[in-house]
Amino acid sequence: MLDILLGFWESTGFSQIFKLDTVLFGIPLPGHLVMICLACLFLYLAIHKGFEPYLLIPIAFGMLLVNLPFAGLMDHATESAKGGLLYYLYQGVDLGIYPPLIFLCIGAGTDFGPLLANPKSLLLGAAAQLGIFTTFFGAIALGFTGPEAASIGIIGGADGPTALLLTSQLAPNLLGAIAIAAYSYMALVPVIQPPIMKLLTTEEERKIKMEQLRPVSKTEKIVFPIIVTIFVCLLLPDAAPLIGMLMLGNLTKESGLVPHLVNALQNSLMYMISIFLGVTVGAKATAEMFLRAETIKIIVLGILAFSLGTAGGVLLGKLMCKLDGGKTNPLIGAAGVSAVPMAARVVQKEGQKYNPSNFLLMHAMGPNVAGVIGSAVAAGMLLLFFGH
């Protein structure tokens with residue numbers, strides 16, 4: 001009877017959960033238990049604090065599932081055994097399917113009108129990619145390989161799907177840490193950006209009231225995604241999956257002919273792909289892959305990348321303000337990161353603190369949607385250099 005009970009105990013996950021099977025900085029840790037606790041912490045932040053719940057809940061739950069001993073949800077398929085459920089769902093990440101589909105849905109909900117009304121805001125979106133390339137060199141200096149450094153740098157774009165696509169192709173061993181860093185910083189946009197915006201601008205600059213944007217015709221909105229697709233995909237073929245799907249979704253919306261399809265893209269498909277994407281990305285955060293010194297470095301480099309991206313946009317906004325005689329409020333440069341529309345809302349909120357009659361939201365949406373294009377282009381450049 002004792003042997004039977006002992007055998008039953010050894011077959012349960014409880015027998016493994018307290019084992020010191022992971023070493024971090026020379027300290028033995030119960031890896032499964034630590035990761036389960038981290039997953040519960042992220043669930044708390046998502047549910048109780050509201051930090052990016054649409055993605056953080058599935059990511060955290062995927063992390064929880066994969067760290068339950070013996071569950072086997074990420075077991076690879078072999079000739080003699082089937083793979084785990086999450087292993088099959090993860091093929092959408094591994095094959096680069098989910099991120100472009102997310103971009104398709106984002107495109108269907110994006111209005112490029114503010115960018116077309118103020119084309120120079122495209123430069124602000126480009127300037128906000130400063131964090132990507134600066135952090136890339138910082139990661140190289142810390143001993144990461146080129147592909148790993150590229151994957152870490154892309155966190156600075158504040159674009160989760162782009163970070164996942166690039167990392168899954170260049171450094172899948174870092175996917176769990178990079179995904180959690182990328183989405184955590186996206187959720188913390190209202191916390192991270194305001195101090196940087198205040199540090200780099202004067203009170204007078206923050207009070208600047210911008211003129212109303214010109215109306216944009218339907219023809220312009222229809223032609224824009226077609227031209228961008230042709231130009232960018234010819235210039236950087238590696239950016240075609242993201243840019244192509246983004247612009248297809250936008251063209252579908254702007255055509256005005258298929259409202260039911262647009263509604264499905266903006267809602268049903270977006271939520272379905274988000275949960276598959278989130279839970280499978282979280283499932284890559286096993287104790288073995290996550291509890292490493294490299295993870296701490298990635299988290300630090302990620303906040304650096306995001307901060308530098310915000311600073312790059314604001315600094316170019318200051319330059320524009322000087323060149324146009326004070327017509328541009330530098331705060332809108334902070335929206336050049338790809339966190340749509342969170343970064344634009346932060347700009348609106350900060351602008352109204354110093355001038356209650358100031359309405360910067362639509363002005364900030366120009367660099368904000370430009371940032372979406374910019375991060376996809378940056379990913380295409382990095383794939384061009386390190387993906388072959």
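Which helix holds the place of K198? In this predicted model, K198 lies in helix 13, which spans residues 189–200. Leaving aside residues up to four places away in sequence, K198 touches R206 and Y354. The C-alpha atoms of K198 and F51 are 23 Å apart in space. In sequence, 147 residues separate the two.

Empty space was examined next. Rolling a probe the size of a water molecule over the atoms shows where such space is left. The largest pocket holds about 900 Å³. Its lining consists of 36 residues. Closest to the centre of this pocket are E52, M270, V340, P341 and M342. Eight elements are listed here as giving two or more residues to the lining: helix 4 (53–66), helix 6 (98–108), helix 11 (160–170), helix 12 (175–187), helix 13, helix 17 (259–282), helix 20 (342–354) and helix 21 (361–386). The largest share comes from helix 17, with five residues.

Two or more lining residues come from each of helix 4, helix 5 (85–94) and helix 18 (287–290). Helix 5 gives the most, with four residues. By class, the lining of the second largest pocket divides into 13 nonpolar, eight polar and five charged residues.

The volume of the largest cavity is about 30 Å³. Its lining is made up of N173, L174, L175, G176, A177, K284, A285, M289 and F290. Helix 12 and helix 18 are the elements that give two or more residues to this lining. Helix 12 gives the most, with three residues. Six of the lining residues of the largest cavity are nonpolar, two are polar and one is charged.

Helix packing was then considered. Two packed helices are described by the angle between their axes and the distance between the axes. Helix 12 packs with helix 19 (residues 293–323) at an angle of about 35°. The axes of these two helices are 10 Å apart. Their crossing is right-handed. Helix 12 makes the contact through A177, I178 and Y185. Helix 19 contributes T295, I298, I299, G302, I303 and F306. Seven residues of this contact are nonpolar and two are polar, with no charged residues. A177 of helix 12 takes part in this contact and also lines the largest cavity.

A second pair is formed by helix 15 (residues 218–235) and helix 16 (residues 240–255). Their axes come within 9 Å and cross at roughly 165°. Helix 15 and helix 16 are therefore roughly antiparallel to each other. The crossing of helix 15 with helix 16 is left-handed. On the helix 15 side, the contact is made by K218, K221, I222, F224, P225, I226, V228, T229, V232 and C233. On the helix 16 side, A240, I243, M247, N250, L251, E254 and S255 take part. The contact of helix 15 with helix 16 has 11 nonpolar, three polar and three charged residues.

How values were computed
Residues numbered from 1 in each chain as written. Predicted model: local features only at pLDDT ≥ 70, side-chain atom pairs only at ≥ 80, totals over all residues. Heavy atoms only, no water. Contact = heavy atoms within 4.5 Å. 1 Å grid on protein atoms, 1.4 Å probe; cavity = no way out; pocket = protein on both sides within 12 Å on 5 of 7 lines; lining within 4 Å. Points joined across faces, edges and corners; volume = space filled by probe spheres on them. Nonpolar A, V, L, I, M, F, W, Y, C, P; charged D, E, K, R; others polar. Axes fitted to C-alpha atoms, helices over the stretch in contact; angles between N-to-C directions. Left-handed = near helix turned anticlockwise from the far one by under 90°. Parallel < 35°, antiparallel > 145°, perpendicular 65-115°, else oblique.
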